[in-house]
Amino acid sequence: QYVESYFLNDFMQTNHNNIGRPHIVSPYAKEKRREATVTYSDVYQADTQYNGFHSFNFSQRPYMDYDLAQGSIQDMISRDTDLVLLQEDKISKVMVGKNIINTPGGDSSISLSKDILSETAVPYTGNYGVCLNPESIAVFGKVIYFVDIKRGAVLRLSNDGLTAISDYKMTDYFRDKMDDYQSITESQYNDKLNGTLKIIGGYDPRHNEYIITFPHIYRTISSA
(Lines give C-alpha, C1' and ligand atoms only; values in the text may rest on other atoms or scores of the structure.)
Protein backbone atom coordinates (compact mmCIF):
# COMPACT_ATOMS: atom_id res chain seq x y z
CA GLN A 1 0.00 0.00 0.00
CA TYR A 2 1.04 3.56 -0.68
CA VAL A 3 0.18 6.70 1.25
CA GLU A 4 0.21 10.12 -0.41
CA SER A 5 2.01 12.64 1.77
CA TYR A 6 0.90 16.24 2.00
CA PHE A 7 4.45 17.46 2.57
CA LEU A 8 6.95 18.34 -0.14
CA ASN A 9 9.24 15.50 1.00
CA ASP A 10 9.39 12.90 3.74
CA PHE A 11 12.40 14.34 5.56
CA MET A 12 10.87 17.52 6.99
CA GLN A 13 7.44 18.97 7.60
CA THR A 14 6.54 21.86 5.30
CA ASN A 15 3.48 23.88 4.45
CA HIS A 16 3.90 23.10 0.75
CA ASN A 17 2.80 20.10 -1.22
CA ASN A 18 3.96 18.47 -4.43
CA ILE A 19 0.82 17.23 -6.17
CA GLY A 20 1.55 18.67 -9.59
CA ARG A 21 0.84 21.93 -11.34
CA PRO A 22 -2.62 23.49 -11.21
CA HIS A 23 -4.94 23.34 -14.20
CA ILE A 24 -7.72 25.78 -14.99
CA VAL A 25 -11.01 24.26 -16.08
CA SER A 26 -12.69 26.39 -18.73
CA PRO A 27 -16.17 25.58 -20.08
CA TYR A 28 -15.17 27.34 -23.32
CA ALA A 29 -12.16 25.13 -24.00
CA LYS A 30 -12.33 23.04 -27.15
CA GLU A 31 -10.11 21.32 -29.65
CA LYS A 32 -9.59 23.03 -32.98
CA ARG A 33 -7.72 21.83 -36.05
CA ARG A 34 -5.85 24.67 -37.72
CA GLU A 35 -5.33 23.39 -41.24
CA ALA A 36 -3.56 26.46 -42.66
CA THR A 37 -1.47 27.45 -39.66
CA VAL A 38 2.27 27.10 -39.09
CA THR A 39 3.37 26.73 -35.46
CA TYR A 40 6.95 27.12 -34.29
CA SER A 41 8.73 26.29 -31.04
CA ASP A 42 11.28 28.12 -28.95
CA VAL A 43 14.88 28.30 -30.17
CA TYR A 44 17.71 25.81 -29.85
CA GLN A 45 20.91 27.45 -28.61
CA ALA A 46 23.86 25.19 -29.24
CA ASP A 47 26.36 27.33 -27.33
CA THR A 48 24.26 27.25 -24.13
CA GLN A 49 22.88 23.72 -24.63
CA TYR A 50 19.36 25.13 -24.31
CA ASN A 51 16.87 23.07 -26.28
CA GLY A 52 13.54 24.84 -26.71
CA PHE A 53 12.15 22.57 -29.42
CA HIS A 54 9.61 21.17 -26.93
CA SER A 55 8.44 24.60 -25.74
CA PHE A 56 5.39 26.24 -27.35
CA ASN A 57 4.47 29.36 -25.38
CA PHE A 58 1.03 30.25 -26.73
CA SER A 59 0.93 33.45 -24.70
CA GLN A 60 3.46 34.76 -27.24
CA ARG A 61 1.37 33.51 -30.21
CA PRO A 62 4.00 31.17 -31.73
CA TYR A 63 2.03 30.54 -34.91
CA MET A 64 0.96 32.24 -38.11
CA ASP A 65 -2.34 31.78 -39.95
CA TYR A 66 -2.32 31.66 -43.73
CA ASP A 67 -5.01 31.66 -46.41
CA LEU A 68 -7.38 28.78 -45.66
CA ALA A 69 -9.22 29.50 -48.91
CA GLN A 70 -6.27 27.85 -50.70
CA GLY A 71 -6.86 24.62 -48.80
CA SER A 72 -5.00 22.91 -46.00
CA ILE A 73 -1.22 22.84 -45.79
CA GLN A 74 -0.14 19.40 -46.99
CA ASP A 75 3.61 19.82 -46.64
CA MET A 76 6.33 22.34 -45.78
CA ILE A 77 9.80 22.26 -47.30
CA SER A 78 12.80 24.35 -46.30
CA ARG A 79 14.37 26.01 -49.34
CA ASP A 80 17.38 28.27 -48.88
CA THR A 81 16.34 30.63 -46.06
CA ASP A 82 12.62 30.42 -46.84
CA LEU A 83 9.82 27.97 -46.24
CA VAL A 84 7.73 26.58 -49.10
CA LEU A 85 4.07 25.93 -48.23
CA LEU A 86 2.35 23.32 -50.38
CA GLN A 87 -1.41 23.74 -49.99
CA GLU A 88 -4.21 21.97 -51.79
CA ASP A 89 -4.71 24.74 -54.34
CA LYS A 90 -1.62 26.96 -54.05
CA ILE A 91 2.15 26.90 -53.66
CA SER A 92 3.59 29.81 -51.68
CA LYS A 93 6.78 31.04 -50.09
CA VAL A 94 7.03 32.16 -46.47
CA MET A 95 10.09 34.17 -45.43
CA VAL A 96 11.80 33.25 -42.17
CA GLY A 97 13.23 36.10 -40.12
CA LYS A 98 12.55 38.54 -42.97
CA ASN A 99 9.76 40.75 -44.21
CA ILE A 100 8.79 42.69 -47.32
CA ILE A 101 8.71 46.49 -47.01
CA ASN A 102 6.58 48.33 -49.57
CA THR A 103 7.38 51.94 -50.41
CA PRO A 104 4.80 54.62 -51.41
CA GLY A 105 6.25 54.50 -54.92
CA GLY A 106 5.24 50.86 -55.30
CA ASP A 107 8.72 49.41 -54.87
CA SER A 108 9.41 46.62 -52.40
CA SER A 109 12.50 45.45 -50.58
CA ILE A 110 13.36 42.66 -48.15
CA SER A 111 14.59 43.51 -44.66
CA LEU A 112 15.42 41.56 -41.53
CA SER A 113 12.61 41.13 -39.04
CA LYS A 114 12.19 40.06 -35.42
CA ASP A 115 9.20 37.97 -36.49
CA ILE A 116 9.93 34.29 -37.03
CA LEU A 117 7.55 33.96 -39.98
CA SER A 118 6.29 36.60 -42.39
CA GLU A 119 2.61 37.50 -42.01
CA THR A 120 1.77 36.83 -45.65
CA ALA A 121 2.74 33.95 -47.90
CA VAL A 122 4.00 35.01 -51.32
CA PRO A 123 2.29 32.80 -53.94
CA TYR A 124 4.16 31.44 -56.92
CA THR A 125 2.69 32.22 -60.34
CA GLY A 126 0.23 29.56 -61.47
CA ASN A 127 -2.97 28.15 -60.04
CA TYR A 128 -1.59 24.83 -58.91
CA GLY A 129 -1.51 22.91 -55.65
CA VAL A 130 -0.66 19.49 -54.31
CA CYS A 131 -4.35 18.58 -53.65
CA LEU A 132 -4.51 15.86 -50.99
CA ASN A 133 -1.49 14.00 -52.32
CA PRO A 134 1.62 15.03 -50.37
CA GLU A 135 3.04 11.58 -51.15
CA SER A 136 3.59 12.77 -54.73
CA ILE A 137 6.17 15.34 -53.58
CA ALA A 138 9.80 14.60 -54.43
CA VAL A 139 12.74 16.87 -53.63
CA PHE A 140 16.08 16.82 -55.38
CA GLY A 141 18.46 19.59 -54.38
CA LYS A 142 16.50 22.83 -54.56
CA VAL A 143 13.94 21.45 -57.03
CA ILE A 144 10.51 20.24 -55.90
CA TYR A 145 8.25 17.97 -57.99
CA PHE A 146 4.60 17.15 -57.33
CA VAL A 147 1.30 16.17 -58.98
CA ASP A 148 -1.85 18.30 -59.12
CA ILE A 149 -4.46 15.67 -59.98
CA LYS A 150 -7.32 18.19 -59.83
CA ARG A 151 -5.85 20.11 -62.74
CA GLY A 152 -4.24 17.15 -64.49
CA ALA A 153 -0.70 18.51 -64.26
CA VAL A 154 2.76 17.53 -63.08
CA LEU A 155 4.73 20.48 -61.67
CA ARG A 156 8.33 21.43 -61.01
CA LEU A 157 9.26 24.24 -58.62
CA SER A 158 12.73 25.58 -59.31
CA ASN A 159 14.56 28.90 -59.30
CA ASP A 160 12.50 30.02 -62.31
CA GLY A 161 9.20 29.36 -60.48
CA LEU A 162 6.50 26.81 -61.21
CA THR A 163 6.64 24.90 -64.49
CA ALA A 164 4.01 22.43 -65.71
CA ILE A 165 6.40 19.81 -67.08
CA SER A 166 3.42 17.69 -68.11
CA ASP A 167 2.74 20.22 -70.89
CA TYR A 168 5.66 18.73 -72.82
CA LYS A 169 3.83 16.20 -75.03
CA MET A 170 1.98 14.70 -72.02
CA THR A 171 -0.93 17.10 -71.60
CA ASP A 172 -3.67 14.74 -72.82
CA TYR A 173 -2.30 11.80 -70.86
CA PHE A 174 -2.46 13.53 -67.49
CA ARG A 175 -5.78 15.19 -68.24
CA ASP A 176 -7.19 11.72 -68.94
CA LYS A 177 -5.77 10.61 -65.60
CA MET A 178 -7.48 13.58 -63.96
CA ASP A 179 -10.82 12.62 -65.50
CA ASP A 180 -10.43 8.99 -64.39
CA TYR A 181 -9.68 9.77 -60.73
CA GLN A 182 -11.94 12.79 -60.36
CA SER A 183 -14.90 10.67 -61.47
CA ILE A 184 -14.40 8.41 -58.44
CA THR A 185 -16.06 9.55 -55.22
CA GLU A 186 -14.53 8.95 -51.80
CA SER A 187 -17.20 6.36 -51.02
CA GLN A 188 -15.95 4.35 -54.02
CA TYR A 189 -12.26 4.43 -53.10
CA ASN A 190 -12.24 1.02 -51.42
CA ASP A 191 -14.05 -0.68 -54.29
CA LYS A 192 -12.26 0.98 -57.20
CA LEU A 193 -8.84 1.85 -55.75
CA ASN A 194 -8.54 -0.77 -53.03
CA GLY A 195 -7.85 2.04 -50.55
CA THR A 196 -7.28 5.78 -50.69
CA LEU A 197 -6.16 7.84 -53.67
CA LYS A 198 -2.39 7.85 -53.26
CA ILE A 199 -0.13 9.10 -56.05
CA ILE A 200 3.43 8.10 -55.19
CA GLY A 201 6.21 10.31 -56.55
CA GLY A 202 9.97 9.89 -56.45
CA TYR A 203 13.08 11.21 -58.15
CA ASP A 204 15.71 9.09 -59.88
CA PRO A 205 18.97 11.10 -59.81
CA ARG A 206 20.79 8.61 -62.02
CA HIS A 207 18.48 9.10 -64.98
CA ASN A 208 17.28 12.58 -63.98
CA GLU A 209 13.64 11.50 -63.94
CA TYR A 210 10.61 12.25 -61.79
CA ILE A 211 8.70 8.97 -61.47
CA ILE A 212 4.99 8.74 -60.63
CA THR A 213 2.94 5.69 -59.65
CA PHE A 214 -0.84 5.94 -59.99
CA PRO A 215 -3.16 3.51 -58.18
CA HIS A 216 -4.86 0.88 -60.30
CA ILE A 217 -8.55 1.43 -60.98
CA TYR A 218 -10.52 -1.80 -60.58
CA ARG A 219 -13.43 -2.28 -62.93
CA THR A 220 -16.52 -4.26 -61.96
CA ILE A 221 -17.89 -6.51 -64.68
CA SER A 222 -21.31 -8.04 -64.12
CA SER A 223 -22.43 -11.11 -66.03
CA ALA A 224 -25.94 -11.33 -67.39
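This is a predicted model: local features need pLDDT of at least 70, side-chain atom pairs count only at pLDDT 80 or more; totals for chains, interfaces and linings use all residues.
Residues are numbered from 1 along each chain as its sequence is written. Local features need pLDDT of at least 70 and side-chain atom pairs count only at pLDDT 80 or more, while totals for chains, interfaces and linings use all residues; side-chain values use heavy atoms, with hydrogens and water left out.

**Overview. The protein chain has two helices and 15 strands.** Helices (H or I, at least four residues) and strands (E, at least two) are DSSP runs, numbered from the N terminus. Of the 224 residues in the chain, 33% are buried. Buried means under 20% relative accessible area, exposed means over 50%, and partly exposed lies in between (1.4 Å probe, protein chains only). The accessible surface comes to about 16300 Å², and carbon and sulfur atoms account for 50% of this surface. Accessible areas come from the Shrake-Rupley method with a 1.4 Å probe; for residues, only the protein chains shown count as cover. Among contacts (heavy atoms within 4.5 Å) between residues at least 6 apart in sequence, 45% join residues at least 24 apart.

**View 1. R61 and D65 form a salt bridge.** A salt bridge is a side-chain nitrogen of Lys or Arg within 4 Å of a carboxyl oxygen of Asp or Glu. Side chains of opposite charge can pair when their charged atoms come close. In this pair, the closest N and O atoms are 3.8 Å apart. R61 is partly exposed, with a relative accessible area of 40%, and D65 is partly exposed at 31%. The whole structure holds seven salt bridges.

**View 2. D80 and K142 meet in a salt bridge between two loops.** The N to O distance is 3.0 Å. D80 sits in the loop between β5 (73-79) and β6 (82-87), and K142 in the loop between β10 (138-140) and β11 (143-148), so the pair ties together parts that are 62 residues apart in sequence. D80 counts as exposed because its relative accessibility is 52%. K142, at 48%, counts as partly exposed.

**View 3. D89 and K150 are joined by a salt bridge of 3.0 Å, N to O.** This pair links distant parts of the chain, with D89 in the loop between β6 and β7 (91-102) and K150 in the loop between β11 and β12 (153-158), 61 residues apart. Salt bridges that share partners join D89, D148, K150 and R151 into one network. Which of the two, D89 or K150, is buried and which is partly exposed? D89 is buried, at 17% relative accessibility, whereas K150 is partly exposed, at 36%.

**View 4. D172, D176, D179 and D180 gather in a patch of negative charge on the surface.** Patches are made of residues with over 30% relative accessible area and no salt bridge; like charges are joined within 9 Å. Asp and Glu count as negative, and the place of a charge is taken as CG of Asp or CD of Glu. D179 belongs to helix α1 (residues 171-182). With 46% relative accessibility, D179 counts as partly exposed.

**View 5. N194 lies in the loop between α2 (189-193) and β14 (200-204).** N194 is exposed, at 60% relative accessibility. Leaving out residues up to four places away in sequence, N194 touches Y189 and Y218. The C-alpha atoms of N194 and H216 are separated by 8.3 Å, and these residues are 22 residues apart along the chain.

Technical notes. Patches are made of residues with over 30% relative accessible area and no salt bridge: like charges are joined within 9 Å, nonpolar side chains (Val, Leu, Ile, Met, Phe, Trp, Tyr) within 5 Å.
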